[in-house]
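I opened a new page for a structure I had not looked at before. The plan was to go from the whole chain down to single residues.

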Amino acid sequence: MSDAKVSETTLRLERLIPAPPEILFALWTEPAQLLRWWGPAGYETSVHALDTRPGGGWRTTLRRPDGSVMAMSGVYRIVEPPRRLAFTWAWEDESGARGHETEVMVSFEAVPGGTRLVLLQKRFESKQARDNHDVGWSASFDRLTKIAG
C-alpha cells in the first residue's frame, strides 16, 4: 500500500487488492456493488444515478452518523472495462448546486496477488480539500479491500 500526495492540488492513492480487475471494476460500476463500500464506515450510501458510459452521469449521497447528508455527482469521461474509469466529481450544496469540480482517474491493473488499484484525483481548490478526500478515499478503500478480498 502506498499513498502519495503528488501536489497540493493532486491526490494519488494506490492499493493492492486481492481480487481480479473484473471484480473491482464491477464494484465501481454496478449500483448494488458500489453501495457495499462507497463512503467511510458508519456512513449510509445511496446511489441516485450511475450511468457508466462516457457522458453518463452519476450521483450519490452519504448520510453521516449524525443524520446530515452530503451529495456528490459528476460525469463519466472514460469507461474501459476492466482497466480504467475517469469521471468528474463535485460536492453539491443544500440546493443541489454543484461546487468546484475535480477529475478522477482510476486504473485497475492485474498483478501477482490481485489488482493494483490507482486513483488520481486532480484540480483540487486547496491542500485542505485534497487532504479531506485522502481521508475519505482511504476509508472507502479499506472497506473495498475487505469486501473484494
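The entries below start with the overall fold and then turn to two residues.

**Entry 1: the model.** I noted at the outset that this is a predicted model.

**Entry 2: the fold.** I looked up the secondary structure and found three helices and eight strands in the protein chain. I then read the order along the sequence, which is β-β-α-α-β-β-β-β-β-β-α. The radius of gyration is 14 Å, close to the 15 Å from the globule rule for 149 residues, so the protein chain is as compact as a globular protein of that length. I took the extent of the C-alpha trace along its principal axes as about 45 × 35 × 30 Å.

**Entry 3: inside and surface.** I checked burial and found that 41% of the 149 residues count as buried. The protein chain exposes about 7400 Å², and carbon and sulfur atoms supply 52% of that area. For contacts between residues at least 6 apart in sequence, I noted that 45% join residues at least 24 apart.

**Entry 4: charge.** I looked up the charged side chains, which come to 19 positive and 19 negative. The centres of the two sets lie 2 Å apart.

**Entry 5: helix 1 and Thr-29.** I asked how many of the nine residues of helix 1 are buried. Seven of them are, so helix 1 is largely enclosed by the rest of the structure. I listed some of the buried ones, including Leu-24, Phe-25, Trp-28 and Thr-29. Helix 1 covers residues 21–29, and Thr-29 lies in it. I looked up the relative accessible area of Thr-29, which is 11%; the residue is buried because that value is under the 20% cut-off. A polar atom of the Thr-29 side chain lies 2.8 Å from the backbone oxygen of Phe-25. Leaving aside neighbours within four places in sequence, I found Thr-29 in contact with Leu-50, Thr-52 and Leu-85.

**Entry 6: His-100.** I located His-100 in the loop between strand 6 (84–92) and strand 7 (102–111). Is His-100 buried, exposed or partly exposed? Its relative accessibility is 35%, and His-100 therefore counts as partly exposed. Not counting residues up to four places away in sequence, His-100 touches Trp-89, Ala-90, Arg-123, Phe-124 and Glu-125. I followed up two of these partners. Trp-89 is 11 residues from His-100 in sequence, and the two are 8.3 Å apart in space, C-alpha to C-alpha. With Arg-123, the side chain of His-100 reaches the backbone oxygen at 2.5 Å.

Methods
Residues are numbered from 1 along each chain as its sequence is written. This is a predicted model: local features need pLDDT of at least 70, side-chain atom pairs count only at pLDDT 80 or more; totals for chains, interfaces and linings use all residues. Side-chain values use heavy atoms; hydrogens and water are left out. Helices (H or I, at least four residues) and strands (E, at least two) are DSSP runs, numbered from the N terminus. The radius of gyration is taken over C-alpha atoms; the globule rule is 2.2 Å times the number of residues to the power 0.38. Buried means under 20% relative accessible area, exposed over 50%, partly exposed in between (1.4 Å probe, protein chains only). Contact means heavy atoms within 4.5 Å. Accessible areas come from the Shrake-Rupley method with a 1.4 Å probe; for residues, only the protein chains shown count as cover. Lys and Arg count as positive and Asp and Glu as negative; His and the chain ends are not counted. The place of a charge is taken as NZ of Lys, CZ of Arg, CG of Asp or CD of Glu. A polar contact is a pair of N or O atoms within 3.5 Å; within protein, one must be able to donate a hydrogen and the other to accept it, and residues adjacent in sequence count only if both atoms are side-chain atoms.
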